Amino acid sequence: MSDWIDKADRVTEAAIPTDAAGFDALLDAARPVVLRGLVADWRRWWRGGAGAAAMAAYLRRFDGGKPLGLFAGPPAIDGRFFYRDDMRGFNFERGNIPLPVLLDALQQAASETTPPAFYAGASAAKDHFPGWTRDNVLPLPTGDATARLWIGNGSRVSAHFDMASNVAVVVAGRRRVVLFPPEQIANLYIGPLDVTMAGQPATMVDIERPDPARFPRFAEAQGQAIVADLGPGDAILIPTLWWHEIRATGALNVLVNYWWTRGTPDAPFLALVHAILAVRDRPAAERAALRTWFDHYVFGDDAPAVADHLPVEARGVLGAPGPERDARIRGYLRQMLGG
């Protein structure tokens, strides 16, 4: 069962940064941190602990009329949205649902002993909840990151990564977040890269009921896991590429998250997938040589300076980062890959 999670180390709690420099320091540390009570003042809008009914009424005030994307699963999945046993599809249905219908369904589910699972995720506030960001301001310098609302009942999202930094704020209900460092990828037994529940590859391990015979290396990941328990008003900062599994509890739970990148928005994940095609299956000697190329041009500490021996105007795709260089790289790739 999940006893090991209860015994795991806790995510460090950090002081809420008061300026951009303090926030950047948290990002540069590249470690998850809990910001306890970051948005405690948001609760004044629905009178704090007034319950699910008050939260539902508050959400209805912002209904923009645009249906939300929905995952819905039967009671048998116990809130764990995942693949079917035969990997031919998923154990839930996808659809769209108006906010009032979703809230009514959650209220009905709350009265059932074994309720179905509902999960409406990543709904951009600007599209679905106009006025939300005006009344609920995140006190962190996340630039133009879009506020996205996640609404549901009991659910579990398998450990996955994001290619962006993430601040996730609990508004209603509770969330438990189990995190694994990026270097634990080999011990997490990742599922398909191109057929996923919600865009990002996820672990095949049921971390609450791990099967050591099927996934023996997961024991190493367990030893590196850290856990955060969050209530209304609390937030967690999840750095890029950290694996995280989230369990939500409560008849009506609400989370708001903010994704943003500090560099080029082009996805390194797509470069990885292309490298599988272009590099992985070449002869061993070639792969060894290409590894030195990647270290020289990409991963080495001095990689940004490898073209310093060339005149600035002759550095082409090796030039300094910026809009002009980035556009040149994209154009070169389109040309070489045939459009």
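Is Asn 187 buried or exposed?

View 1. Asn 187 counts as buried, at 11% relative accessibility (buried: under 20% relative accessible area, 1.4 Å probe, protein chains only). The model is predicted, so local features need pLDDT of at least 70, side-chain atom pairs count only at pLDDT 80 or more, and totals for chains, interfaces and linings use all residues. Residues are numbered from 1 along each chain as its sequence is written, and side-chain values use heavy atoms, without hydrogens and water. Asn 187 sits in the loop between strand 9 and helix 7 (218–224). Helices (H or I, at least four residues) and strands (E, at least two) are DSSP runs, numbered from the N terminus. Beyond neighbours within four places in sequence, Asn 187 contacts Arg 217, Phe 218, Glu 220 and Ala 221 (contact: heavy atoms within 4.5 Å).

**View 2. Thr 203 and its surroundings.** Thr 203 also lies in the loop between strand 9 and helix 7. Its relative accessibility is 0%, so Thr 203 counts as buried. The side chain of Thr 203 reaches the backbone nitrogen of Val 205 at 3.0 Å. Not counting residues up to four places away in sequence, Thr 203 touches Phe 82, Ser 158, Ala 159, Leu 188, Tyr 189, Ile 190 and Glu 245.

**View 3. Lining of the second largest pocket.** Strand 12 gives the most to this lining, with 5 residues. The lining residues of the second largest pocket divide into 16 nonpolar, 9 polar and 3 charged. Here Ala, Val, Leu, Ile, Met, Phe, Trp, Tyr, Cys and Pro count as nonpolar, Asp, Glu, Lys and Arg as charged, and the others, Gly among them, as polar.

Notes. Buried means under 20% relative accessible area, exposed over 50%, partly exposed in between (1.4 Å probe, protein chains only). A polar contact is a pair of N or O atoms within 3.5 Å; within protein, one must be able to donate a hydrogen and the other to accept it, and residues adjacent in sequence count only if both atoms are side-chain atoms.
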